[in-house]
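Subject: Model handover

Hi,

Here is the structure I promised you. My notes follow below it.

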Amino acid sequence: NGEDHTSSATSDPKLADKIASIKAKQQRHKVLLDEMERSGESQISLSDPDSRYQSGKVKAGVSYNVQIAVDCKHKLIIEQEVSTQIGDLGLLAKTAEPAREILGCDEIDVVSDRGYFKIEDIEACENKGLVPYVAKPRRGPAVREGFYSKEVFTYDGDRDQYICPGGAYLEPRYRRKLRDTMLIDYCNRAACKSCAIKTRCTGSSFRQITRYENEAVLDRMAVRVRDRPDIMNERRNSVEHPF
């Protein structure tokens, strides 16, 4: 109808206020986005600059990540730290090493839940007199789709091969880099073609198992956890009480 919407907006005080408010908000957001880009942070808390959005099993909110280490013998908190890191990955050695120093021990057992399962952190523990026992998460596309998990494939360290549930040997075929470590993919295409239990293993033409170049760290820990089946219950009975 040829009406000038700009003139209408400026002549309506309420609409003009809304437009001004939106422009001011845009400017504030631009300042925040510029700050995030400058600092490399992924989020900014408007209520408490140091806090971060944390997601837990029960609820989520803007908060902090509290780390504690409990001495199972005396049932006492011996180390605590408040972190803004989202999640626990990478915080195991950082929490356990000060605890070892406080206890005055050359070596201590460090037991944690699966939220700390990170190979670089577990290896760092071994290098610092910290003997790690970390629950292993069951994750990956095969598990989600109902196929055999990686645990049912037996690794033969002498031959550097995996033995699948059908008895075939999976050879190392492909190598690729992930951050600071190498990943090795094992497979046996020919064996998968004629495998009688393939439908329980994969929906693809062949099954592939991926192994970290330094996965011997996890193999050693798996043996420790297997040999001490009650150690995870001991952790729950000690470290969960303070929370």
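An open sheet has five strands in the order S7-S8-S9-S10-S11, paired antiparallel. Strands are DSSP runs of E with at least two residues, helices are runs of H or I with at least four, and both are numbered from the N terminus. Two strands pair if DSSP finds at least two bridges between them. The edges are S7 (154-156) and S11 (208-212), each pairing on one side only. From one strand to the next, the twist averages 35° (axes are lines fitted to C-alpha atoms; angles run from 0 to 180 degrees between N-to-C directions).

S7 pairs with S8 (residues 161-163) over three bridges, antiparallel. Threonine 154 faces isoleucine 163 of S8.

Now the provenance. This is a predicted model: local features need pLDDT of at least 70, side-chain atom pairs count only at pLDDT 80 or more, and totals for chains, interfaces and linings use all residues. Residues are numbered from 1 along each chain as its sequence is written, and side-chain values use heavy atoms, with hydrogens and water left out.

Overall, the protein has eight helices and 11 strands. Its radius of gyration, taken over C-alpha atoms, is 26 Å, well over the 18 Å that the globule rule (2.2 Å times the number of residues to the power 0.38) gives for 243 residues, so the protein is more spread out than a compact globule. The C-alpha trace spans about 80 × 55 × 30 Å along its principal axes. Buried residues (under 20% relative accessible area, 1.4 Å probe, protein chains only) make up 31% of the 243.

Phenylalanine 243 lies in the segment after helix H8 (231-239).

Best wishes

Note on methods: Buried < 20%, exposed > 50% of the residue type's maximum accessible area, 1.4 Å probe, protein only.
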